[in-house]
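Keep the model open while working through the points.

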Amino acid sequence: MDYTEFIEAMLVEVRKHIPADVTVDRHAAVKNNGTVRVGLVLMRQGINMSPTIYLEEFYEQYLEGAGLLELARTLAALYEKVKVAESYPCGDIFSYQKVRDRIVYKLIQRKMNEELLRQVPYSEYLDLAVVFYVLLEGSAFGTATLLVRNEHLCQWNTTREEISEAARKNTPRLLPGTIEQLANYMYVLSNQKRNMGAAAMLYPDIMGEAESLIGENFYILPSSIHEVILIPESHGVNREQLKSMVEEINKTEVEPEDVLSDSVYYYSGKEGRILQ
């Protein structure tokens, strides 16, 4: 069966393996870079936050020989791990005072998200866009978030500049940055959750910390929206070679919704900033 048929078959089978107070429906979501993913949303009676479990990996297992019964049981077990125990107080979403300390930012590509950027407050950075979201709840299996849209600014009676300032303070605090050495000439920069961690390159002082660790200026390879790779300038690979490598990896190794950019950036210690 094709993917569409598989989704419908899984919908029927999963309903047999979940509690009676949970309903299951097909759900399509427009993700980063305009990609569309289809999965199953499991809604528990009396709870206003419902996880969506996407089915691409399940379909791959099906094509490799796994049966629908086995996959449905696996999905039902996953739901038990990711389900939300209590409703989120929805009234908090309408109060800027209640969400202000949970507003953070992430980096996305401008060109591939032009339609989205017409609907949300954002700031330009290099060839990227800084957009904002509210961290609602986090676990080892994922994070519940609310993307800040233009209508939220009206509801909150606030401005892009105000939420940008809040996010500037909150993001390093809630999602601390990390720099790890992968090899003698390669470092990875992200946040502790490894989720939307490319935004750590905006944290105050973190590029200076990276320069002290590396010992020189360095190139920044946007390997995904979740992390960037730092390469010392003296490693001997020129910028065009690095750009070709990033483009190839984005085409062959990175999920379309996780692609950040095909560009290669450069950190100048003398100027204290990132250059494109």
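1. The structure holds 15 salt bridges. A salt bridge here is a side-chain nitrogen of Lys or Arg within 4 Å of a carboxyl oxygen of Asp or Glu. Side chains of opposite charge can pair when their charged atoms come close.

2. A word on the model. It is predicted: local features need pLDDT of at least 70, side-chain atom pairs count only at pLDDT 80 or more, and totals for chains, interfaces and linings use all residues. Residues are numbered from 1 along each chain as its sequence is written, and side-chain values use heavy atoms, with hydrogens and water left out.

3. Start with R15 and D25. They form a salt bridge, and their closest N and O atoms are 3.6 Å apart. R15 sits in the loop between helix 1 (3–14) and strand 1 (22–30), while D25 is in strand 1, so the pair ties together parts that are 10 residues apart in sequence. Helices (H or I, at least four residues) and strands (E, at least two) are DSSP runs, numbered from the N terminus. R15 is partly exposed, at 43% relative accessibility. D25 is partly exposed too, with a relative accessible area of 34%. The cut-offs are these: buried is under 20% relative accessible area, exposed is over 50%, and partly exposed is in between (1.4 Å probe, protein chains only).

4. Now R37. Its side chain meets that of E56 in a salt bridge (2.9 Å, N to O). This pair links distant parts of the chain: R37 is in strand 2 (residues 36–44) and E56 in helix 2 (residues 56–63), 19 residues apart. R37 is partly exposed, with a relative accessible area of 22%. E56 is partly exposed as well, at 25% relative accessibility.

5. E257 counts as buried, at 16% relative accessibility. Together, R37, E56 and E257 are linked in a network of salt bridges.

6. Look next at V254. It lies in the loop between helix 9 (239–252) and strand 12 (265–268). Is V254 buried or exposed? V254 is buried, with a relative accessible area of 15%. Leaving out residues up to four places away in sequence, V254 touches S223, S224, I249 and V259. Contact means heavy atoms within 4.5 Å. V254 and I225 are 29 residues apart in sequence, and their C-alpha atoms are 9.9 Å apart in space.

7. Step back to the whole protein. Its secondary structure comes to nine helices and 13 strands. The radius of gyration is 21 Å, close to the 19 Å that the globule rule gives for 276 residues, so the protein is as compact as a globular protein of that length. That radius is taken over C-alpha atoms, and the rule is 2.2 Å times the number of residues to the power 0.38. Along its principal axes, the C-alpha trace spans about 65 × 50 × 30 Å.

8. Finish with burial and contacts. Of the 276 residues, 44% count as buried. Among contacts between residues at least 6 apart in sequence, 56% join residues at least 24 apart.
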